[in-house]
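Open the model in your viewer and keep the sequence panel beside it. We will go from the whole chain to single residues.

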Amino acid sequence: MIDWMAFVIVLVSALVGTVVVVGFYSFGVRLLVRAGRVPVVSPATFTDAITVLTPAEIRSAEKKAAKAARKNPLSAGQKNVALAGAYSCFSLCAIAVLYGIYLIVPALHGGG
């Protein structure tokens, strides 16, 4: 016999957790960009030496990020507040993930 109420609780919890983690992460990236710290990530090199972007494309993306940072209309104080907000969002995201792991691990050892 299937306990459908337990199934619904797990489904809703998973959806809410996903929305919280993705929401805080995306808002943190947005605040990071507003703070003038545009994240430019180099592409991964695969085992067969295929890269997603060429070095020229990477340089172009870095130049665009630097230009966007220079055009930022925020004051230095506003940038610092946005940066602190970004780090807070990333911290809340990490806390949500760690709390989820905390909830799962005791159940694996028979504690829950």
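**A short tour**

Begin with the surface of the whole chain. This is a predicted model. Its accessible surface comes to about 8700 Å². Carbon and sulfur atoms account for 70% of that area.

Now switch to a cartoon view. The chain has three helices and zero strands.

Next, colour by burial. Of the 112 residues in the chain, 12% are buried.

Select Leu 31, Leu 32, Ala 35, Ala 82, Leu 83, Ala 86 and Cys 89. These seven residues form the largest nonpolar core. Both α1 (4-34) and α3 supply at least two residues of this core. The largest share, four residues, comes from α3. In soluble globular proteins, nonpolar side chains tend to be buried together.

Which residues does Ala 86 contact, leaving aside neighbours within four places in sequence? They are Gly 28, Leu 31 and Leu 32.

Move on to Lys 71. Look in the loop between α2 (55-70) and α3 (76-108). Is Lys 71 buried or exposed? Lys 71 is exposed, because its relative accessible area is 63%, and the cut-off for exposed is over 50%.

Lys 71 and Gly 36 lie 35 residues apart in sequence. From C-alpha to C-alpha, the two are 9.0 Å apart in space.

Finally, show contacts for the whole chain. Take those between residues at least 6 apart in sequence: 70% of them join residues at least 24 apart.

Definitions and conventions:
Residues are numbered from 1 along each chain as its sequence is written. This is a predicted model: local features need pLDDT of at least 70, side-chain atom pairs count only at pLDDT 80 or more; totals for chains, interfaces and linings use all residues. Side-chain values use heavy atoms; hydrogens and water are left out. Buried means under 20% relative accessible area, exposed over 50%, partly exposed in between (1.4 Å probe, protein chains only). Contact means heavy atoms within 4.5 Å. Accessible areas come from the Shrake-Rupley method with a 1.4 Å probe; for residues, only the protein chains shown count as cover. A nonpolar core is a set of buried Ala, Val, Leu, Ile, Met, Phe, Trp, Tyr and Cys residues joined through side-chain atoms within 4.5 Å.
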